[in-house]
Amino acid sequence: MAEIGFDEDDEHTVPPADEHQHAANDVHFAAELAELFRDSGTTLSPEITSSVPNVAAVRRMKVLYAAICAGMYPNVVQVEHPERKYHQVLGSGTVPLPTDPRSLRFWDGTNFSGSFASRTSHSTRSSQATSHSLTHS
Amino acid sequence: MQPVSLHPKSANFSIGDYESLWLVYYQKRKLGGGGGGARTSIIDCTMVFPYALLLFGGELTVQHEDSTITVGGWIRFQAAPQIATLVKGIRAEIEELFATKIADPTVSIANHPLVLLVIRLLQTDGLI
């Protein structure tokens, strides 16, 4: 895994198999990717869904999500939460209530033609929802 | 933009709080029969983070007046214009590196500084 830049504390390092040692680098790279995808189906998921997620596992998953994103684009949907989370967080340090999944709205921009006219009907709402700060995790 | 819903069988159907506001999907279907009752459903979706969209999405445009970057004409992020400049630079470098790799597949790019940088950006979502 170190080959493709994952954390050095990764305990799932794959020893290179003999048949890969003298193979072309792209074949080696594909083998590493295959190992990553195997991991994501077995080792990674339980770590991520456990109450104490493994930081290294989450980081590896983010690379996998990015690969999926690159493949699926432009099939993108925006999630609109009914109320911004920080309304509850900034108040008096109270714990934010979990959002009811049924209260979420999803917006598909795939058919967006590039003309801004088509989204003026809900421009107020989307301008709030789309302003997702990059500096705010 | 058109409203869609998640398919009830989707693993994300019961999720209420998404860490990121963006999902990508593979299949979209109209369910619920004729009349006005048909709803468009996303069959399978994956939550993705801003830097994945910035690096691997569509064309980047910068709106200086409200400090936002737009991907593909509608995916908007609140960010300084410098972020767009940085991402455009990285995209150009990636294309160059991939061209090198395609021209000669035996070249190893796994430990190339650019690849390590991109992985780090994706893992930390820019909070390096």
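Which pattern does chain A follow, read along the sequence? I read α-α-α-β-α-β-α-β for chain A, with five helices and three strands. Helices (H or I, at least four residues) and strands (E, at least two) are DSSP runs, numbered from the N terminus.

A note on the source: this is a predicted model, where local features need pLDDT of at least 70, side-chain atom pairs count only at pLDDT 80 or more, and totals for chains, interfaces and linings use all residues. Residues are numbered from 1 along each chain as its sequence is written, while chains are lettered from A and ligands numbered from 1 in the order in which they are written.

Next I looked up where the chains touch. The contact (C-beta atoms, placed from the backbone, within 7 Å) takes 45 residues from chain A and 53 residues from chain B. Among the elements giving two or more residues to chain B's side are strand 1 (2-6), helix 1 (50-56) and helix 3 (113-124) of chain B.

I then followed strand 1 of chain B. Three bridges join this strand to strand 2 (residues 105-108) of chain A, and the two run antiparallel. Opposite Gln2(B) I found Asp108(A).

Last, I turned to helix 3 of chain B. Its buried residues (20 or more other C-beta atoms within 10 Å of their own) are Val118(B), Leu121(B), Leu122(B) and Gln123(B). Their cover includes helix 3 (55-72) of chain A, along with helix 1 and helix 2 (81-103) of chain B.

Terms used: Two residues are in contact if their C-beta atoms, placed from the backbone, lie within 7 Å. Two strands pair if DSSP finds at least two bridges between them. A residue is buried if 20 or more other C-beta atoms lie within 10 Å of its own, exposed if 12 or fewer, and partly exposed in between; C-beta atoms are placed from the backbone.
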